[in-house]
Amino acid sequence: MDLQTRIQLNNGVQMPVLGLGVFLSKDGEETYNAVRWALEAGYRHIDTAAVYGNEESVGRAIRDSGIPREELFVTTKLWNTRIRAHEEEQAFAESLRKLQMDYVDLYLIHWPVREEQGYVRAWSKMEAFNKQGRAKAIGVSNYHVHHLQDLLAVADVPPALNQVECHPELTQVELSDFCREKGIAFEPWSPLGRGKLLENETLKDIAKAHGKTTAQVILRWGLQRGFVNIPKSVHKERIEQNAQLFDFALSQGEMERIFALNKNERVGSDPETFNF
(Lines give C-alpha, C1' and ligand atoms only; values in the text may rest on other atoms or scores of the structure.)
Protein backbone atom coordinates (compact mmCIF):
# COMPACT_ATOMS: atom_id res chain seq x y z
CA MET A 1 0.00 0.00 0.00
CA ASP A 2 1.22 3.52 -0.86
CA LEU A 3 -0.11 6.96 -1.75
CA GLN A 4 -1.26 5.70 -5.15
CA THR A 5 -3.27 2.81 -3.65
CA ARG A 6 -6.94 2.80 -4.68
CA ILE A 7 -9.99 0.96 -3.47
CA GLN A 8 -12.69 -0.21 -5.84
CA LEU A 9 -16.11 1.31 -5.21
CA ASN A 10 -19.23 -0.78 -5.67
CA ASN A 11 -19.65 0.40 -9.27
CA GLY A 12 -16.05 -0.40 -10.24
CA VAL A 13 -14.68 3.15 -9.97
CA GLN A 14 -11.19 3.26 -8.43
CA MET A 15 -10.74 5.75 -5.56
CA PRO A 16 -7.42 6.72 -3.91
CA VAL A 17 -7.31 5.77 -0.22
CA LEU A 18 -5.84 9.16 0.73
CA GLY A 19 -6.91 12.60 -0.38
CA LEU A 20 -6.75 16.25 0.59
CA GLY A 21 -9.84 17.82 2.15
CA VAL A 22 -10.35 21.57 1.70
CA PHE A 23 -13.12 22.29 4.26
CA LEU A 24 -12.50 25.78 5.71
CA SER A 25 -9.68 26.44 3.22
CA LYS A 26 -10.12 30.01 2.00
CA ASP A 27 -10.91 30.50 -1.67
CA GLY A 28 -7.98 31.88 -3.60
CA GLU A 29 -4.31 31.46 -2.77
CA GLU A 30 -4.79 29.34 0.37
CA THR A 31 -6.81 26.60 -1.33
CA TYR A 32 -4.86 26.89 -4.58
CA ASN A 33 -1.54 26.37 -2.82
CA ALA A 34 -2.81 23.51 -0.65
CA VAL A 35 -4.07 21.62 -3.71
CA ARG A 36 -0.86 22.26 -5.67
CA TRP A 37 1.30 21.10 -2.73
CA ALA A 38 -0.81 17.97 -2.33
CA LEU A 39 -0.56 17.10 -6.02
CA GLU A 40 3.21 17.72 -5.98
CA ALA A 41 3.46 15.39 -2.96
CA GLY A 42 1.73 12.61 -4.93
CA TYR A 43 -1.89 13.01 -3.87
CA ARG A 44 -4.38 12.28 -6.65
CA HIS A 45 -7.62 12.82 -4.71
CA ILE A 46 -9.16 16.18 -3.73
CA ASP A 47 -12.38 16.56 -1.71
CA THR A 48 -14.34 19.82 -1.90
CA ALA A 49 -18.00 20.91 -1.70
CA ALA A 50 -20.20 23.68 -3.06
CA VAL A 51 -20.70 25.15 0.41
CA TYR A 52 -16.94 25.38 0.99
CA GLY A 53 -16.88 28.18 -1.59
CA ASN A 54 -13.51 27.12 -3.03
CA GLU A 55 -14.38 24.94 -6.04
CA GLU A 56 -12.93 27.50 -8.46
CA SER A 57 -9.55 27.49 -6.68
CA VAL A 58 -9.53 23.68 -6.61
CA GLY A 59 -10.22 23.53 -10.34
CA ARG A 60 -7.58 26.14 -11.17
CA ALA A 61 -4.92 24.34 -9.12
CA ILE A 62 -5.73 21.05 -10.83
CA ARG A 63 -5.54 22.60 -14.30
CA ASP A 64 -2.27 24.37 -13.52
CA SER A 65 -0.71 21.16 -12.17
CA GLY A 66 -0.60 19.69 -15.67
CA ILE A 67 -1.64 16.28 -14.33
CA PRO A 68 -4.02 14.53 -16.75
CA ARG A 69 -7.61 14.73 -15.49
CA GLU A 70 -8.09 10.96 -15.75
CA GLU A 71 -5.34 10.43 -13.16
CA LEU A 72 -7.19 12.52 -10.58
CA PHE A 73 -10.17 11.84 -8.33
CA VAL A 74 -12.33 14.86 -7.48
CA THR A 75 -15.27 14.90 -5.08
CA THR A 76 -17.78 17.68 -4.54
CA LYS A 77 -21.16 17.85 -2.82
CA LEU A 78 -24.77 18.98 -3.18
CA TRP A 79 -25.74 21.53 -0.51
CA ASN A 80 -28.87 21.36 1.65
CA THR A 81 -30.58 24.57 0.50
CA ARG A 82 -30.42 23.40 -3.12
CA ILE A 83 -32.16 20.13 -2.17
CA ARG A 84 -34.91 22.01 -0.33
CA ALA A 85 -35.37 24.30 -3.36
CA HIS A 86 -35.39 21.35 -5.82
CA GLU A 87 -32.36 22.92 -7.53
CA GLU A 88 -30.19 19.82 -7.76
CA GLU A 89 -29.57 20.17 -11.50
CA GLN A 90 -28.62 23.85 -11.26
CA ALA A 91 -26.37 23.19 -8.26
CA PHE A 92 -24.49 20.39 -10.00
CA ALA A 93 -24.05 22.46 -13.18
CA GLU A 94 -22.65 25.32 -11.10
CA SER A 95 -20.14 23.02 -9.39
CA LEU A 96 -18.92 21.66 -12.73
CA ARG A 97 -18.63 25.20 -14.11
CA LYS A 98 -16.63 26.41 -11.10
CA LEU A 99 -14.35 23.38 -11.25
CA GLN A 100 -14.18 23.78 -15.05
CA MET A 101 -14.71 20.04 -15.44
CA ASP A 102 -17.01 17.92 -17.57
CA TYR A 103 -17.45 15.43 -14.73
CA VAL A 104 -16.58 14.73 -11.12
CA ASP A 105 -15.43 11.33 -9.90
CA LEU A 106 -17.76 11.38 -6.90
CA TYR A 107 -20.80 13.54 -6.12
CA LEU A 108 -22.30 13.40 -2.62
CA ILE A 109 -25.51 14.56 -0.96
CA HIS A 110 -23.92 16.64 1.79
CA TRP A 111 -26.45 16.16 4.64
CA PRO A 112 -29.62 14.07 5.12
CA VAL A 113 -32.13 16.87 4.55
CA ARG A 114 -35.33 15.93 6.38
CA GLU A 115 -37.81 18.22 4.62
CA GLU A 116 -39.92 16.13 2.20
CA GLN A 117 -37.45 13.36 3.06
CA GLY A 118 -35.06 15.19 0.73
CA TYR A 119 -32.23 12.83 1.61
CA VAL A 120 -34.13 10.14 -0.33
CA ARG A 121 -35.98 12.26 -2.89
CA ALA A 122 -32.82 13.92 -4.25
CA TRP A 123 -31.28 10.54 -4.98
CA SER A 124 -33.14 10.16 -8.29
CA LYS A 125 -31.35 13.32 -9.49
CA MET A 126 -28.02 11.88 -8.34
CA GLU A 127 -28.74 8.69 -10.29
CA ALA A 128 -29.43 10.79 -13.39
CA PHE A 129 -26.08 12.59 -13.05
CA ASN A 130 -24.42 9.19 -12.75
CA LYS A 131 -26.17 7.75 -15.80
CA GLN A 132 -25.20 10.85 -17.81
CA GLY A 133 -21.53 10.24 -16.93
CA ARG A 134 -21.20 13.63 -15.22
CA ALA A 135 -20.69 11.92 -11.85
CA LYS A 136 -18.66 8.73 -12.19
CA ALA A 137 -19.86 7.63 -8.75
CA ILE A 138 -22.51 8.97 -6.37
CA GLY A 139 -22.79 8.76 -2.63
CA VAL A 140 -23.88 10.44 0.57
CA SER A 141 -22.47 12.25 3.56
CA ASN A 142 -23.57 12.28 7.20
CA TYR A 143 -26.06 9.43 6.75
CA HIS A 144 -26.82 7.24 9.73
CA VAL A 145 -27.94 3.62 9.36
CA HIS A 146 -31.65 4.53 9.17
CA HIS A 147 -31.00 7.14 6.45
CA LEU A 148 -29.11 4.53 4.43
CA GLN A 149 -31.85 1.96 4.94
CA ASP A 150 -34.47 4.43 3.65
CA LEU A 151 -32.33 5.18 0.61
CA LEU A 152 -31.43 1.57 -0.19
CA ALA A 153 -35.13 0.66 -0.12
CA VAL A 154 -35.79 2.78 -3.24
CA ALA A 155 -32.40 3.27 -4.95
CA ASP A 156 -31.70 1.82 -8.38
CA VAL A 157 -28.02 2.72 -7.87
CA PRO A 158 -26.80 2.13 -4.30
CA PRO A 159 -24.57 4.83 -2.80
CA ALA A 160 -20.89 4.15 -3.44
CA LEU A 161 -19.66 5.91 -0.30
CA ASN A 162 -20.75 7.48 2.99
CA GLN A 163 -18.62 10.35 4.31
CA VAL A 164 -19.19 11.01 8.04
CA GLU A 165 -17.48 12.40 11.11
CA CYS A 166 -15.23 9.68 12.50
CA HIS A 167 -12.14 9.77 14.71
CA PRO A 168 -10.83 8.03 17.85
CA GLU A 169 -13.41 9.76 20.07
CA LEU A 170 -16.24 8.87 17.63
CA THR A 171 -15.27 5.46 16.27
CA GLN A 172 -18.53 4.78 14.35
CA VAL A 173 -18.16 1.00 14.59
CA GLU A 174 -21.85 0.17 14.02
CA LEU A 175 -22.20 2.55 11.06
CA SER A 176 -18.95 1.48 9.41
CA ASP A 177 -19.87 -2.19 9.85
CA PHE A 178 -23.26 -1.55 8.21
CA CYS A 179 -21.60 0.23 5.29
CA ARG A 180 -19.11 -2.61 4.84
CA GLU A 181 -21.95 -5.16 4.84
CA LYS A 182 -23.77 -3.16 2.14
CA GLY A 183 -20.69 -2.56 -0.01
CA ILE A 184 -20.61 1.19 0.75
CA ALA A 185 -17.13 2.69 1.16
CA PHE A 186 -16.55 4.62 4.39
CA GLU A 187 -14.76 7.98 4.50
CA PRO A 188 -14.19 9.92 7.74
CA TRP A 189 -14.31 13.68 7.85
CA SER A 190 -12.44 15.49 10.63
CA PRO A 191 -10.36 12.31 11.18
CA LEU A 192 -8.13 14.32 13.54
CA GLY A 193 -11.08 15.66 15.56
CA ARG A 194 -10.34 19.16 14.22
CA GLY A 195 -6.95 18.96 15.89
CA LYS A 196 -8.18 18.30 19.43
CA LEU A 197 -6.77 14.75 19.39
CA LEU A 198 -3.23 15.73 18.49
CA GLU A 199 -2.26 16.18 22.15
CA ASN A 200 -3.92 12.97 23.39
CA GLU A 201 -1.41 11.12 25.58
CA THR A 202 -2.30 7.64 24.32
CA LEU A 203 -1.89 8.72 20.72
CA LYS A 204 1.34 10.58 21.51
CA ASP A 205 2.69 7.43 23.18
CA ILE A 206 1.88 5.26 20.15
CA ALA A 207 3.32 7.90 17.81
CA LYS A 208 6.56 8.02 19.79
CA ALA A 209 6.93 4.24 19.53
CA HIS A 210 6.81 4.50 15.72
CA GLY A 211 8.72 7.76 15.30
CA LYS A 212 5.58 9.27 13.80
CA THR A 213 3.24 12.21 14.51
CA THR A 214 -0.07 11.73 16.30
CA ALA A 215 -1.81 12.77 13.08
CA GLN A 216 -0.04 10.01 11.17
CA VAL A 217 -1.06 7.45 13.80
CA ILE A 218 -4.74 8.52 13.63
CA LEU A 219 -4.74 8.40 9.83
CA ARG A 220 -3.03 5.01 9.83
CA TRP A 221 -5.72 3.73 12.24
CA GLY A 222 -8.32 4.75 9.65
CA LEU A 223 -6.42 3.13 6.80
CA GLN A 224 -6.13 -0.14 8.72
CA ARG A 225 -9.91 -0.07 9.24
CA GLY A 226 -10.28 0.01 5.44
CA PHE A 227 -11.35 3.65 5.29
CA VAL A 228 -10.59 6.41 2.78
CA ASN A 229 -8.91 9.38 4.52
CA ILE A 230 -9.17 13.06 3.51
CA PRO A 231 -7.25 15.08 6.13
CA LYS A 232 -7.44 18.86 5.68
CA SER A 233 -4.39 21.09 5.89
CA VAL A 234 -3.21 24.29 4.26
CA HIS A 235 0.40 23.81 5.45
CA LYS A 236 2.87 22.26 3.00
CA GLU A 237 4.79 20.33 5.66
CA ARG A 238 1.64 18.81 7.17
CA ILE A 239 0.20 17.92 3.79
CA GLU A 240 3.42 16.01 3.07
CA GLN A 241 3.48 14.43 6.56
CA ASN A 242 -0.13 13.26 6.21
CA ALA A 243 0.89 11.24 3.16
CA GLN A 244 3.64 9.36 5.03
CA LEU A 245 1.40 6.58 6.31
CA PHE A 246 2.64 3.61 4.34
CA ASP A 247 5.98 2.77 5.97
CA PHE A 248 4.61 1.58 9.33
CA ALA A 249 1.69 -0.41 10.75
CA LEU A 250 -0.17 -0.36 14.06
CA SER A 251 -0.33 -3.59 16.04
CA GLN A 252 -3.66 -5.09 17.07
CA GLY A 253 -2.95 -3.92 20.62
CA GLU A 254 -2.33 -0.36 19.43
CA MET A 255 -5.51 -0.43 17.36
CA GLU A 256 -7.46 -1.51 20.44
CA ARG A 257 -5.89 1.23 22.57
CA ILE A 258 -7.12 3.77 20.03
CA PHE A 259 -10.61 2.22 19.90
CA ALA A 260 -10.71 2.53 23.71
CA LEU A 261 -10.56 6.33 23.36
CA ASN A 262 -14.12 6.35 22.01
CA LYS A 263 -16.53 8.71 23.82
CA ASN A 264 -19.17 8.94 21.06
CA GLU A 265 -18.43 12.68 21.09
CA ARG A 266 -18.69 14.88 18.01
CA VAL A 267 -16.73 17.96 16.99
CA GLY A 268 -19.29 18.73 14.28
CA SER A 269 -23.07 18.78 13.93
CA ASP A 270 -25.25 15.74 14.58
CA PRO A 271 -27.02 14.46 11.44
CA GLU A 272 -30.17 13.96 13.55
CA THR A 273 -30.37 17.56 14.79
CA PHE A 274 -28.50 19.84 12.33
CA ASN A 275 -30.38 23.04 11.49
CA PHE A 276 -28.76 24.39 8.34
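Me: Let's start with helix H1. Which residues on the other side of H1 are exposed?
Reply: Those are Glu-29 and Glu-40. Keep in mind that this is a predicted model.

Me: And which residues of H1 are buried?
Reply: Thr-31, Tyr-32, Ala-34, Val-35, Ala-38 and Leu-39. Looking down the axis of H1, these buried residues fall within an arc of 165 degrees, so they line one face of the helix.

Me: What covers them?
Reply: The cover includes strands S3 (20-21) and S4 (45-47), along with helices H2 (55-65) and H11 (236-242).

Me: How does the span of H1 compare with what 1.5 Å a residue should give?
Reply: It agrees: H1 has 12 residues (29-40), which should span 16 Å, and its end C-alpha atoms are 16 Å apart. Just after the helix, Gly-42 takes a positive phi of about 110 degrees.

Me: OK, switching to the core. Which residues have the most contacts inside the largest nonpolar one?
Reply: Leu-20, Val-35, Ile-62, Tyr-107 and Ile-109, in a core of 73 residues. Helix H10 (residues 214-224) gives the most to this core, with 6 residues. Apart from it lies another core of 11 residues, including Phe-73, Leu-106, Leu-108 and Leu-161.

Me: What is Leu-20 in contact with, leaving aside neighbours within four places in sequence?
Reply: Among its contacts are Ala-34, Val-35 and Ala-38, and those three are also buried residues of H1. Leu-20 also contacts Tyr-43, His-45, Ile-46 and Asp-47, as well as Pro-231, Ser-233 and Ile-239.

Me: Nice. Now the sheet: what's the strand order?
Reply: S3-S4-S5-S6-S7-S8-S9, an open sheet of 7 strands with parallel pairing. S3 and S9 (185-189) are the edge strands, each pairing on one side only.

Me: Is S9 mostly covered or mostly open, then?
Reply: Mostly covered, with 5 of its 5 residues buried. Ala-185, Glu-187 and Trp-189 point one way, while Phe-186 and Pro-188 point the other way.

Me: How many bridges does S9 share with S8?
Reply: They pair over 5 bridges in the parallel sense, with S8 running through residues 161-165. Leu-161 stands opposite Ala-185, and Gln-163 has Glu-187 as its bridge partner.

Note on methods. Residues numbered from 1 in each chain as written. Predicted model: local features only at pLDDT ≥ 70, side-chain atom pairs only at ≥ 80, totals over all residues. Heavy atoms only, no water. Core = buried A, V, L, I, M, F, W, Y, C linked by side-chain atoms within 4.5 Å. Buried < 20%, exposed > 50% of the residue type's maximum accessible area, 1.4 Å probe, protein only. Helix = DSSP H or I, 4+ residues; strand = E, 2+ residues; numbered from the N terminus. Contact = heavy atoms within 4.5 Å. Expected span 1.5 Å × (residues − 1). Arc of directions from axis to C-beta. Pairing = 2+ DSSP bridges.
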